[in-house]
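Colleague: I would like a close look at one part of this model. Please keep it brisk.

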Amino acid sequence: YKRQNLEYQAINWLKTTLDFALNNLEIYKETFPKAIEKIAQLEQITQDMNTKIKQLEQFYISRILLYLILIDRNSGLILYEYGFKKSDFAPDLLSGFLTAIQHFGTEFSKEDTSMRKITYENLEIEMYAGSYSICTLLADGLIPENLSLLMRKFLSTFETKYENVLKNWSGDVLAFKDVDNLIKEFFSKNLINESFKSDLYKNV
């Protein structure tokens, strides 16, 4: 978990460095507008750096993602849960986590806030409330803003697709048996396979 935190901080540092480089590039372009060839070189460098940072963050996200859980906003009951990878958690720990999430989901629904981050054991949990449900992400590391945005977009799509079911949900979880396809469609295309790891960490 500590290693993931260092990786998260390193990626944020790279983002800050890129912002600084882009600001300096704009100043250089205003100061030396005729240096077309040099400006083109600098723009390519910053573009390559931006691409590399995005890849590093995508790879980081693919490693920390553990579970996505959808909770009914009215009852606090779990609508659907999806594991992104095999978990090393002890059964009692996972069971305790799900119980805590279920209880917290009920309390969360009574509040006005639509976003909440909590820490459970060595995990980071982010919850986002929609009109009918709460999307919960369980990660083995700090959750970056891009992943939070992706989660919100996913929840919006989920609630739009299953709105009629969610409005009058009877407790039948089979109504959401195809949600895993939506999760794969939404998250898989935004993540990088581990086979790219060696290439991603070169020359950063």
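Which residues have the most contacts inside the largest nonpolar core?

Modeller: This is a predicted model, so local features need pLDDT of at least 70 and side-chain atom pairs count only at pLDDT 80 or more, while totals for chains, interfaces and linings use all residues. Residues are numbered from 1 along each chain as its sequence is written, and side-chain values use heavy atoms, with hydrogens and water left out.

Leu70, Phe154, Phe158, Phe176, Val179 and Phe187 have the most contacts inside the largest nonpolar core. That core has 34 residues. A nonpolar core is a set of buried Ala, Val, Leu, Ile, Met, Phe, Trp, Tyr and Cys residues joined through side-chain atoms within 4.5 Å. Buried means under 20% relative accessible area, with a 1.4 Å probe and protein chains only.

Several elements supply at least two residues each: α1 (2-31), α2 (36-64), β1 (65-72), β2 (78-83), β5 (133-139), α4 (145-161) and α6 (179-187). Of these, α4 gives the most, with six residues. Helices (H or I, at least four residues) and strands (E, at least two) are DSSP runs, numbered from the N terminus.

Now take Leu70. Contact means heavy atoms within 4.5 Å. Leaving aside neighbours within four places in sequence, Leu70 touches Leu77, Ile78, Leu79, Tyr80, Ile134, Cys135, Phe154, Leu155, Phe158 and Val179.

There is also a second, separate core of eleven residues. Tyr67, Ile71, Leu123 and Leu138 are among them.

As for the whole chain, 37% of its 204 residues count as buried. The chain holds seven helices and five strands.

Terms used:
Buried < 20%, exposed > 50% of the residue type's maximum accessible area, 1.4 Å probe, protein only.
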